[in-house]
Amino acid sequence: ADANALEQDMNAYLTTTATEYYPDTDKMLFSVGFGGCGFKKVYHCPIRKRPVSESVDAKDLIVPSSATDLRNSIRVTHRITDMPANTIRLMQLMGVYRDVELNQPVQSTPNPVDAKTSGVIGVSANAMRPEDQNPTLYESLCELDIPGFEDVDDDGNPTGLKLPYRVTIDKDSKQVLEIRRNW
């Protein structure tokens, strides 16, 4: 009975509330055929005020070359290129990101892979107007030993143990938008 109720609740949630879940998952599974792997990012969205599961392109996932798996990597970074400036501003006004001045994104030439991919699907790799270009954010899951927030032992002495944090940085202005504990 409980299992059936959970199944009905999850189906209702994924089909009526999180309407992006199935199309996004289909898109990710389709790209697995071309890239060989797929990644999902699950988090609580402060704008939607609910859990969200979004696919992340493998080209936007940055890990150290020494990493054998994501769970044990010392750092996992998601390069976010599809968040509009207006959404970033909303996150600042909500208090999720720091309210700091950000530079206009610098339009860079696309790397050869992105240029070829865009050409194959018939779109331009460059935004036509600079104001149409989205900022690039780097969201890193990493371990830090931040002064004033150190791990301490039972006697209150710092242990030197690094703690897990999520750090979000704007690429062009080099501003830290968020440092949030990840435990």
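1. A salt bridge joins the side chains of lysine 41 and glutamate 139, with a nitrogen-to-oxygen distance of 2.7 Å. Lysine 41 belongs to strand S1 and glutamate 139 to strand S5 (residues 137–144), so this pair ties together parts that are 98 residues apart in sequence. Lysine 41 is buried, since its relative accessible area is 19%, and buried means under 20%. Glutamate 139 counts as buried as well, at 12% relative accessibility. The model under discussion is a predicted one.

2. Lysine 41 has a further partner to note. Lysine 41 lies over the face of tyrosine 43, at 5.3 Å from the centre of the ring.

3. The structure holds 10 salt bridges. One of them is formed by the side chains of lysine 40 and aspartate 24, at 3.3 Å from N to O. Because lysine 40 is in strand S1 (residues 39–45) and aspartate 24 is in helix H2 (residues 21–35), the pair ties together parts that are 16 residues apart in sequence. Lysine 40 is partly exposed, with 30% relative accessibility, whereas aspartate 24 is buried, with a relative accessible area of 16%.

4. Arginine 180 and glutamate 178 also meet through their side chains in a salt bridge, at 2.6 Å from N to O. What is the relative accessible area of arginine 180? The value is 35%, so arginine 180 is partly exposed. Glutamate 178, by contrast, is buried, with a relative accessible area of 4%.

5. Salt bridges may also form a network. Glu20, Arg48, Arg50 and Glu54 are linked in this way.

6. In which order do the strands of the open sheet lie? The 5 strands follow the order S3-S4-S5-S6-S7, and their pairing is antiparallel. Strand S3 (61–62) and strand S7 (176–181) are the edge strands, each pairing on one side only. As a general point, strands of a sheet pair through backbone hydrogen bonds, in either a parallel or an antiparallel manner.

7. Strand S6 (residues 163–170) pairs with S7 in the antiparallel sense, over 5 bridges. Within this region, valine 167 stands opposite isoleucine 179 in S7.

8. The loop between S6 and S7 contains aspartate 172. This residue deserves attention: aspartate 172 is buried, yet it has no salt bridge. Its nearest side chain of opposite charge is that of lysine 171, at 4.6 Å, while a salt bridge requires a nitrogen within 4 Å of a carboxyl oxygen. Leaving aside residues up to four places away in sequence, aspartate 172 touches Asn103, Gln104, Pro105 and Val106.

9. A pair of aromatic rings is described by the distance of the centres and the angle of the planes. How many aromatic pairs does a search of the whole structure find? The search finds 2. In one of them, the rings of tyrosine 21 and tyrosine 22 have centres 5.3 Å apart and planes at 80°, so the pair is edge-to-face. Tyrosine 21 is partly exposed at 24% relative accessibility, and tyrosine 22 is partly exposed at 39%.

10. The rings of tyrosine 165 and tryptophan 183 have their centres 5.5 Å apart and their planes at 85°, so this pair is edge-to-face. The pair links distant parts of the chain, with tyrosine 165 in strand S6 and tryptophan 183 in the segment after S7, 18 residues apart. Is tyrosine 165 buried or exposed? Tyrosine 165 is buried, with a relative accessible area of 6%, whereas tryptophan 183 counts as partly exposed, at 48% relative accessibility.

Technical notes:
Residues are numbered from 1 along each chain as its sequence is written. This is a predicted model: local features need pLDDT of at least 70, side-chain atom pairs count only at pLDDT 80 or more; totals for chains, interfaces and linings use all residues. Side-chain values use heavy atoms; hydrogens and water are left out. Two strands pair if DSSP finds at least two bridges between them. Helices (H or I, at least four residues) and strands (E, at least two) are DSSP runs, numbered from the N terminus. Buried means under 20% relative accessible area, exposed over 50%, partly exposed in between (1.4 Å probe, protein chains only). Lys and Arg count as positive and Asp and Glu as negative; His and the chain ends are not counted. Contact means heavy atoms within 4.5 Å. Rings of Phe, Tyr and Trp (its six-membered ring) pair if their centres lie within 6.5 Å; planes under 30 degrees apart count as stacked, over 60 as edge-to-face and the rest as tilted. A charge sits over a ring if NZ of Lys or CZ of Arg is within 6 Å of the ring centre and within 35 degrees of the ring normal.
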